[in-house]
Each structure stands twice: as C-alpha cells, then as structure tokens.
Amino acid sequence: MNPFLNPFTALPFLKNFLFDARRLRSQSSEEIGKYRDKALQRTLRYADSVPLYHSIYQAAGLNIQNITGMKDITKIPLVSKPDLVAHYPDEILPRGYHKENTRVVSTAGSTGKQISIYTDFSVFSGGVGAMLRIFEYLGLPWRASRLANIGNFNPHMADSTAEDLFYSNASFVYNKDSHIALNAFLPIQDIITQLDRFKPDIIYSYPATFFHLAYYKRKGYGEHITPKALLVSGSVLEPYTRSYVEEAFGCKMHNGYGSVETFSEAPIAFECREGTWHINYDFFHVEAIDERKNLVENGKQGHIVVTRLFGKATPIVRYTGLDDWVVLSDDEACACGLHTPVLKGGVEGRKSDSVV
C-alpha cells in the first residue's frame, strides 16, 4: 500500500515535511536540547526491543530507565559493524516486526564485509527534514528545482531503496518530471546525453562521477548542463577535484555526509554556503572516540560514533562502523544563520583508506 494513502503514516510525514527542516531556526538551544533528550529516550526504548541491542544492554547491565537524556549517553554500550553483520537477518528488528513493510538496504562493502539492515517508511518520514534542510540553507528551492541523482541503483542499494519507498510514491510532494535518477555505472557519455536533455538545476552524485562529467564538459559536451549547485557525497571531495569540477560547471560543490546505516538520504552533516560542516544534531548525535574506544574531547581527532534519533526498522545507536575520522567542535554560530555543532574541516576519510 502506498504509505501516503495511509493516514497513520501520511500525517506524521506531512508534519515532518512542513516543520522539521526549520526546527534549528525556530527553536532555542534549550528547546533543541529537550527535544534531543526525548528523542534519545524514545530511540533507546525501541532499540531495547531489538534482540541485538537487548542482548548487548543486558550483558552490560544497562537499565534503560536510567538514561534520562544526552548527558547519560556514554552509559550506553557501543555497537559495531560486526555486531550488525552477525545478527542479520533475524535479530536486528523487534520480534514480530512486519517485514513486509521493510526493505533490505546494503552497503557497497568498500570497507570490508557488506552490511545489510532493514529500513522502512518511518525512517524516510522521520528524516525528511534533514533532507530538505540542505536545500533550504543553500537557497535552493527543492520543489521548484530540477534534480538529477546519479547514484547506485542496483538492488538493495540506498538509492534504489529510496526510489522504491519514497520517490515512486511521492508524486503529490514533487513533480516527477523534475526528478531524474541515473545509474552512475552507465557510460559517462550516456549520462551526459541524458543530463543535457533533462537540463538539471541540481546534480547529486559522487566526486569521481563529477570529475568524469567535468572532463567531458570541458571537451564541449553537455551544452545545456548548467546547474546552480552540485551536491556531493559518498567519498572525500579533495581540493583538486573540487576546483576542476567547479570551474567546468561554473557553480559550487557542497558536501553532504551520510551513510547507508544511518539513512543516506538524510545527511548527518552538510556543508553550507560558508563552508561550515553543520551537524544535523536534532536528527543525529555524533561523538568521537580514540582507538581504545574512549571519548575524545572536542577539537581532537577521533573515530566517529553516530546515533540516529528518528525512525524504526533497524535502529542505529552509538554505532562505530562508519570508519571515518572527524574533529568535533562545540556549537558555533555561522554566517549562514545556523548555530550547531560542526565537523571541523569536514570528514577526513575512512580509517581503512590507503594513500596511493
């Protein structure tokens, strides 16, 4: 059934769609703090109904009633990538959860063994505000813009799952003619031809894909490809690629940082027009730990730990498996208007990356 035709799923989505993107602007830091505390308690109660988390919490002697807010989050045990792998498929959802309403989404396996988890419409509904916020703070009208997503649309990948669960059913939210999905594994010249015909305002893809597109753009292909902005994620955008692509297309590139496990459509953090990497801290809680799994203080480099504060299906609570290094900073006021914790200098790359 189309979730937009079910009032129990459509009404929460509509509320989130209309209000969540503006929450950081409309509420005080104290109000956001209370919101985060309640979101953590709600997330933890749900996680405790999932066999994987329940067994970990029992082994650690954790009573979730003692977690009253973010100040207590370090009492919650960490969950790793091997934990998700070992407990898939039957122990990463609550007992009796309706699997027919879920989709399996998998990572590409670039950091080792492929991970598969469950997602559902509640995750898309809960994270829609984080999806829209990046457009709002870049001054890009989401509904009025022509958006091209060049991603991985193979089965069980994040992009194909988003199309299946959300975009294919959401024609009342946006005009389908203003959205095109292209597989990044197509020949680049084929992608160029389709983009030239589509005339996108915004292109969303990987750094390597943008680099190849820029190469052909410089050769004279894609006369009608004149976007207003390029949104990039999936790997580190290094300075040479950035300058090469921006010069070719005559517009700015903006980073978004997300993951399959946390719901890649909603960025954990994004780069605003001022170049600041804002953490969507009303949707995610971000920490950094050292090699011994001890928290590092803000301003020092650490291994990222993420908690998703929305949605059901497979919960993500104090997850260490993203394999990225970050430097966290206290709340910072930015000229763009946002006042959030930030990732200083962005994401420095996966722990397992090699320098060639």
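User: Why are α1 and α6 called roughly parallel to each other?

Analyst: The axes of helix α1 (residues 7-19) and helix α6 (residues 121-137) cross at roughly 15° and come within 8 Å. Angles under 35 degrees count as roughly parallel, and therefore α1 and α6 are roughly parallel to each other. The axes are lines fitted to C-alpha atoms over the stretch in contact, with angles from 0 to 180 degrees between N-to-C directions. Please keep in mind that this is a predicted model, where local features need pLDDT of at least 70 and side-chain atom pairs count only at pLDDT 80 or more, while totals for chains, interfaces and linings use all residues. Residues are numbered from 1 along each chain as its sequence is written, and side-chain values use heavy atoms, leaving out hydrogens and water.

User: Which residues make the contact of α1 and α6?

Analyst: With contact meaning heavy atoms within 4.5 Å, α1 brings Thr 9, Pro 12, Phe 13, Asn 16 and Phe 17, and α6 brings Phe 121, Ser 125, Gly 126, Val 128, Gly 129 and Leu 132. By class, that is 6 nonpolar, 5 polar and no charged residues; Gly counts as polar.

User: What lies closest to the centre of the second largest pocket?

Analyst: Of its 34 lining residues, Thr 9, Pro 12, Phe 121, Ser 122 and Ser 125 do. Lining residues have an atom within 4 Å of a pocket grid point. The volume of this pocket is about 1000 Å³.

User: Which element gives the most to that lining?

Analyst: That is α1, with 6 residues. The lining divides into 12 nonpolar, 14 polar and 8 charged residues.

Technical notes:
Helices (H or I, at least four residues) and strands (E, at least two) are DSSP runs, numbered from the N terminus. Angles under 35 degrees count as roughly parallel, over 145 as roughly antiparallel, 65 to 115 as roughly perpendicular and the rest as oblique. On a 1 Å grid over the protein atoms alone, a cavity is a set of points where a 1.4 Å probe fits but cannot get out, and a pocket is an open set with protein on both sides within 12 Å along at least five of seven lines; lining residues have an atom within 4 Å of a point. Grid points are joined across faces, edges and corners, and a volume is the space filled by probe spheres set on the points.
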